[in-house]
Amino acid sequence: MKAYDLAELAIRNLRESVLRNTLTTVGISVGVASLVAMLSLGIGLQQMATRRLVKSGLFDTIVVTSRRDLRNFNRDEEQNGPAPVESPALDEPSRQKIEQLTNVTEAFPDLRFITSFTYETKPHLTMVAGIPASYRTNDAFEGMQGSFFSSDMSDEAILQKTFAAELLGKTAKPGSDDVPVAELAKPLIGKELTMRYAERMPSGESPAKEGSTSEPSDAPDTTSYSIVSRERKLKIVGVTDLDPDSMRGPVRARVLLPLKLVQSLHVVQPTALRDTTQAGSKVPTYSTVTVRVKDPGKIQQVEDAVRKMGFNTFSMLDATRSLRRFFAILDLFLGIFGSLALAVASIGIVNTLVMAILERRREIGIMKAIGASDADVKKLFFAEAGVMGAFGGALGVALGWMIGRLINIGTNIYLKRQDLAPEQIWFVPWWLVGSAIVFAIVVSLVSGLYPAARAAKLEPVQALRYE
Amino acid sequence: MISTTERKPPGGIQTEDVCRHYVMGENLIRAVDGISVQVRAGEFVALLGTSGSGKSSLLNLIAGLDRPTSGAVVVEGRNLAKLSRADLAEHRLYTVGMVFQSFNLIPNMTVIENVELPLRFAEVDRARRDSLAREALNRVGLSHRLQHRPSELSGGEQQRTALARALINRPRLLLADEPTGNLDSRTGTEIMNLIRECNDDLGMTVVMVTHERALAEQYAQRLIFLADGKLVDDQPNDRSLTGTTSQGGTGREGV
């Protein structure tokens, strides 16, 4: 029989017992819907995680440290590589060299120090970090009140909420809810904060101010430097809701300043105390340089180039690999759970078709008597299963799409209530639509195998006797 | 009895010691028990006998609806006992047309759809299918009932539909199993006249199963009597002795 005739006959037969076939089709569609909803949720979560990670700078970031530095991320490299003293210093020329590597967007030093701030006459000691202008789009600043720095050199500060709370004397008691960021930001934004810090000056240059202290006299002249106490007035422009203890590289500080401003201050860095040979030099030396790569796929390439220059590197490449593996397993499990409903639905197809054979035994006998071959009868039952699968699949995709959408809407209502930014946790790609329908058809056809074979095997003379 | 060794003309039927036995519980039913018979192409033969005599079983064997337990059923030179299931289906599709007592129309299809169904199996394209079905229905006088369902038709109309369906693939063999059994005598005569036209005008070989001797004598050229699965008599019949167009001429007495 021709395919068109087959489809026509199949649809006609399905219309004959509308209720039963509709229920079977709905069964398939519920199965497909659960599959689509589960997988679209898995895909959505994965995309959200990837989006978040790319935005957070973890995916495209390499942290570079000097091998001279004892605080090394890569112990193996330290043991196998050149001796710490022979390896190059992570200074400004090295940073510039790294920045000129292909596929590197920027390379900026990690400048942080602990210092004292005065707000309304009270002193507060905390960690300060310089952050580059590119962090304006980082999701770390999504929940920020106020604004980002107006320029890379402006005398402005962004505070973490815990420090803001400390300044206002509103330290949250353990177990109690945090004070909302907006409440902390209101009295602080626009206010002035005074930072006291120690400027490092190479020896030979006379201290510009009173109150300077010299390095201990046993240090050789070539490496000696002076430390000058300074003060700088900063304007508070923003308060972020980030936890300063979170894994966020440069923002692991309670006060954030524009990076260029921090560089211009020549604040004493921890490396200066350890690496005395460089300390007296006018060239700034860094403990860590953060390298941002154009494309997360190029991380390995850039990392290799930086290592060749004699530095240690650390990236989240391995972490993202295991993250991808996690999502692959998550998708697999969601898919298996989604498929369970489809498996139940396929039993429904078998049942419907076996019932149809019993009911249509005589009809099968008639068809055979007037010339239908086993293959014709088999194909007809197969086509009926396939048509139910196609309809069920299409209906199921629509249903799954709606379920996913409802979950998304529900989640976003919840997020909004919690004062959090909306998030797309659900995504139905076109390949999922197509493959879900194809899968439904395949499952239906497999379910139709046994009934179709049974119908084809009927002996015409016996089938005709059946009333 | 005609010798089985005689050279068989094309379109003929030949059974050689054919048996069809069924096991029912502990009993062996010998529905057909060693029948050897030959039907020449273009002949109109009636198979007569009481119910259970094996006449329908023999017809089913010739139709390829059933397979013999032993012996051979040769139709147009092909031994049906040796054919594959697919070849047997092809035999039913192209070589024979069948009419049943209970019409055997598919209830959810219209008249024209029922008639063109064998053409679907023969993979004839849509337009040709439609014209052939209309032509066949026209021949049996049902061109005004194309879109009706079997349940909306009288018994006679249903049997005409079945006859149109049997003829649609232009088979050389028409097999009729009690074609007038469910019809009143007037409609029965109409159907029998149509069957006779197939024999006279189209030259088709007709094998008709009936238990009405008068009907057989009126239309068939040869009467074959069966009892208990065995052939008991085979005699020529001069149908010109009885009128073929008389109304109500189908006798109802058994044989």
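Which residues is A:Ser154 in contact with, leaving aside its neighbours within four places in sequence? The first legend answers this, and the others turn to further parts of the predicted model.

View 1. Leaving aside neighbours within four places in sequence, A:Ser154 is in contact with A:Phe149, A:Pro258 and A:Leu261. A:Leu259 is 105 residues away from A:Ser154 in sequence, yet the C-alpha atoms of the two are 9.9 Å apart in space. Is A:Ser154 buried, exposed or partly exposed? There are 15 other C-beta atoms within 10 Å of A:Ser154, so this residue is partly exposed.

**View 2. Helices H1(A) and H13(A) where they cross.** Helix H1 of chain A covers residues 3-16, and helix H13 of chain A covers residues 374-417. Their axes come within 8 Å and cross at roughly 70 degrees. An angle from 65 to 115 degrees counts as roughly perpendicular, and H1(A) and H13(A) are therefore described in that way. The crossing of H1(A) and H13(A) is right-handed. From H1(A), the residues that meet H13(A) are A:Leu6, A:Ala7, A:Leu9, A:Ala10, A:Ile11, A:Asn13 and A:Leu14. On the side of H13(A) they meet A:Lys379, A:Leu380, A:Ala383, A:Glu384, A:Val387 and A:Met388. Sorted by class, this contact of H1(A) with H13(A) holds ten nonpolar, one polar and two charged residues.

**View 3. B:Thr15 in strand E1 of chain B.** Strand E1 of chain B spans residues 13-24 and includes B:Thr15. Is B:Thr15 buried or exposed? B:Thr15 has 26 C-beta neighbours inside 10 Å and so counts as buried. Not counting residues up to four places away in sequence, B:Thr15 touches B:Ile35, B:Ser36 and B:Val37, as well as B:Gly71, B:Ala72 and B:Val73. B:Gly34 is 19 residues from B:Thr15 along the chain, with 9.0 Å between their C-alpha atoms.

**View 4. The largest nonpolar core and B:Leu175.** This core has 126 residues, and those with the most contacts inside it are B:Leu47, B:Ile62, B:Leu175 and B:Val206. Helix H2 (residues 18-56) of chain A supplies its largest share, eleven residues. Another core, of 50 residues, lies apart from the largest one and includes A:Ile62, A:Phe108, A:Leu167 and A:Leu259.

**View 5. Chain B as a whole.** Chain B contains seven helices and ten strands. It has 255 residues, of which 48% count as buried. Of the contacts in chain B with a separation of 6 or more, 71% are between residues 24 or more positions apart.

**View 6. The contact between chain A and chain B.** Each chain is represented here, with 18 residues from chain B and 18 residues from chain A. On the side of chain B that touches chain A, helix H2 (85-95) and helix H3 (111-121) of chain B are the elements that give two or more residues. Of these, H2(B) gives the largest share, five residues. By class, this side of chain B divides into nine nonpolar, three polar and six charged residues.

How values were computed
Residues are numbered from 1 along each chain as its sequence is written. Chains are lettered from A and ligands numbered from 1 in the order in which they are written. This is a predicted model: local features need pLDDT of at least 70, side-chain atom pairs count only at pLDDT 80 or more; totals for chains, interfaces and linings use all residues. Two residues are in contact if their C-beta atoms, placed from the backbone, lie within 7 Å. Helices (H or I, at least four residues) and strands (E, at least two) are DSSP runs, numbered from the N terminus. Ala, Val, Leu, Ile, Met, Phe, Trp, Tyr, Cys and Pro count as nonpolar, Asp, Glu, Lys and Arg as charged, and the others, Gly among them, as polar. A residue is buried if 20 or more other C-beta atoms lie within 10 Å of its own, exposed if 12 or fewer, and partly exposed in between; C-beta atoms are placed from the backbone. A nonpolar core is a set of buried Ala, Val, Leu, Ile, Met, Phe, Trp, Tyr and Cys residues joined through C-beta atoms within 7 Å. Axes are lines fitted to C-alpha atoms, for helices over the stretch in contact, and angles run from 0 to 180 degrees between N-to-C directions. Angles under 35 degrees count as roughly parallel, over 145 as roughly antiparallel, 65 to 115 as roughly perpendicular and the rest as oblique. A crossing is left-handed if the near helix is turned anticlockwise from the far one by less than a right angle, and right-handed if clockwise.
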